[in-house]
Amino acid sequence: MRPIPDPLPDKDPIWEPDILALAIELVKEGLHGVSIQQLLSLTKVRIRAIYQSVHHTAALSGPPIVGDAQFYLNARNGKDRSGFEWNLQGALFLHAYQSIQSAMDGYKVNRGWLLLNAYRAYRRWTRPLEPRKTPLLNINQGYSLLRMSNLCNPGEFGELALTYCENCNRRYLVSLKHELITQVCPIEAMEDYHRRRTQRVITARKVSKTPRTRA
Ligand SMILES: [Zn+2]
């Protein structure tokens, strides 16, 4: 599918088949109807008809439930460590988006087209993870991440940004609302957590094996 320019060539008969084809592919991936409306300026009636045709069901109504920026950051509270995984997944998706956007070499491309191609690249990269119970992003979460990041509308303030770890070469997400120095790479944070946990277990065993002295 050729890249559709931004701004959208609305009501241009040359681009209409491409826009429709893109809408069909986004519906196949399960992108919420409201988001397709925002990205491709198609009417609700048109999107409902595509949903009906592709999935034989009505399009979901209302805004998609996708979580906030905090969901994709390392630690939501002291006990919940799933943010580490979501951080890495989110970073991988945004990395795909950024790579495709950069490959366009300044040619402005529709965000829906970039979203679809970035999401499919992300799913290809994460296919080996599927048999395991690793959490994977759905396309609605991908779109939500884009809107929270500084990639979607370059020049505008985003809440999340991609950064790079000098230790493990991984990319990860940071919040632009907090001091960057306090936000460590999720890989280092996970390793640190497991190291401290192992140390606690070893210490507990040593204590339980120490013979008690009789009074
Ligand atoms: Zn790292």
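How many helices and strands are there in the protein chain? In this predicted model, the count comes to 7 helices and 2 strands. Reading along the sequence gives the pattern α-α-α-α-α-α-β-β-α.

As for overall shape, the C-alpha trace spans about 95 × 40 × 30 Å along its principal axes. The radius of gyration of the protein chain is 22 Å, whereas a compact globule of 215 residues would come in near 17 Å. Buried residues account for 29% of the 215 residues. Among contacts with a separation of 6 or more, 54% link residues 24 or more positions apart.

Now to the inside. The largest nonpolar core has 43 residues, and the members that touch the most others are L22, A23, I36, F93, Y97 and A118. Two or more residues each come from helix 1 (16-29), helix 2 (33-40), helix 3 (44-55), helix 4 (82-103), helix 5 (111-126), helix 6 (139-148) and strand 2 (171-175). Leaving aside residues up to four places away in sequence, A23 touches I36, L40, L42, I47 and I50.

Helix 6 deserves a look of its own. Because 9 of its 10 residues are buried, helix 6 is largely enclosed by the rest of the structure. The buried set consists of I139, N140, Q141, G142, Y143, S144, L145, L146 and M148. These buried residues of helix 6 pack against helix 1, helix 2, helix 4, helix 5 and strand 1 (160-164).

How values were computed:
Residues are numbered from 1 along each chain as its sequence is written. This is a predicted model: local features need pLDDT of at least 70, side-chain atom pairs count only at pLDDT 80 or more; totals for chains, interfaces and linings use all residues. A nonpolar core is a set of buried Ala, Val, Leu, Ile, Met, Phe, Trp, Tyr and Cys residues joined through C-beta atoms within 7 Å. A residue is buried if 20 or more other C-beta atoms lie within 10 Å of its own, exposed if 12 or fewer, and partly exposed in between; C-beta atoms are placed from the backbone. Helices (H or I, at least four residues) and strands (E, at least two) are DSSP runs, numbered from the N terminus. Two residues are in contact if their C-beta atoms, placed from the backbone, lie within 7 Å. The radius of gyration is taken over C-alpha atoms; the globule rule is 2.2 Å times the number of residues to the power 0.38.
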